[in-house]
Amino acid sequence: MKEETLKEKLGKYRELTGKALEKAGLTSKKGTKENEMGKKLLEMAESYYSDAQFFEKSGMPLTALAAYSYAHAWIDAGVRLGILDGRGDDRLFVLP
């Protein structure tokens, strides 16, 4: 099996996390504790994704890869806990 290069992994995780950000949604009604928690999870994911893009453009690929991974982890945790909706996509998320 061919070992992926850092550049390949970076592209893979950028795309994966971007798709996860587009797909994930809130599961609870506005004003509920769960809705607020979901918003915070998505905010953290978006912040890490933005940071990853900055690191990638700044020539820091390993740091970018880590930030993409953290971004995806925030979303995945929310889906797993039922706070975010992964819309049944078991390729992007670990479903409950």
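Reply: Here is a short tour of the pocket and its salt bridges.

This is a predicted model: local features need pLDDT of at least 70, side-chain atom pairs count only at pLDDT 80 or more, and totals for chains, interfaces and linings use all residues. Residues are numbered from 1 along each chain as its sequence is written, and side-chain values use heavy atoms, with hydrogens and water left out.

The largest pocket holds about 170 Å³ of space. Its lining is Lys12, Tyr13, Glu15, Leu16, Lys19, Asp89, Arg91 and Leu92. (A pocket is an open set of points on a 1 Å grid where a 1.4 Å probe fits, with protein on both sides within 12 Å along at least five of seven lines; lining residues have an atom within 4 Å of a point.) The lining has 3 nonpolar residues, no polar ones and 5 charged.

Now take Lys12. Its side chain meets that of Glu4 in a salt bridge, at 3.9 Å from N to O. (That term means a side-chain nitrogen of Lys or Arg within 4 Å of a carboxyl oxygen of Asp or Glu.) Lys12 is partly exposed, at 44% relative accessibility. (Buried is under 20% relative accessible area, exposed is over 50%, partly exposed is in between, with a 1.4 Å probe and protein chains only.)

Next comes Asp89. It forms a salt bridge with Lys23, and the closest N and O atoms are 2.9 Å apart. This pair links distant parts of the chain, 66 residues apart. Lys23 sits in helix α1 (residues 6–23). Asp89 lies in the segment after β2 (84–85). (Helices are DSSP runs of H or I, at least four residues; strands are E, at least two.) Asp89 is buried at 15%, whereas Lys23 is partly exposed at 29%.

Note on methods. Grid points are joined across faces, edges and corners, and a volume is the space filled by probe spheres set on the points. Ala, Val, Leu, Ile, Met, Phe, Trp, Tyr, Cys and Pro count as nonpolar, Asp, Glu, Lys and Arg as charged, and the others, Gly among them, as polar.
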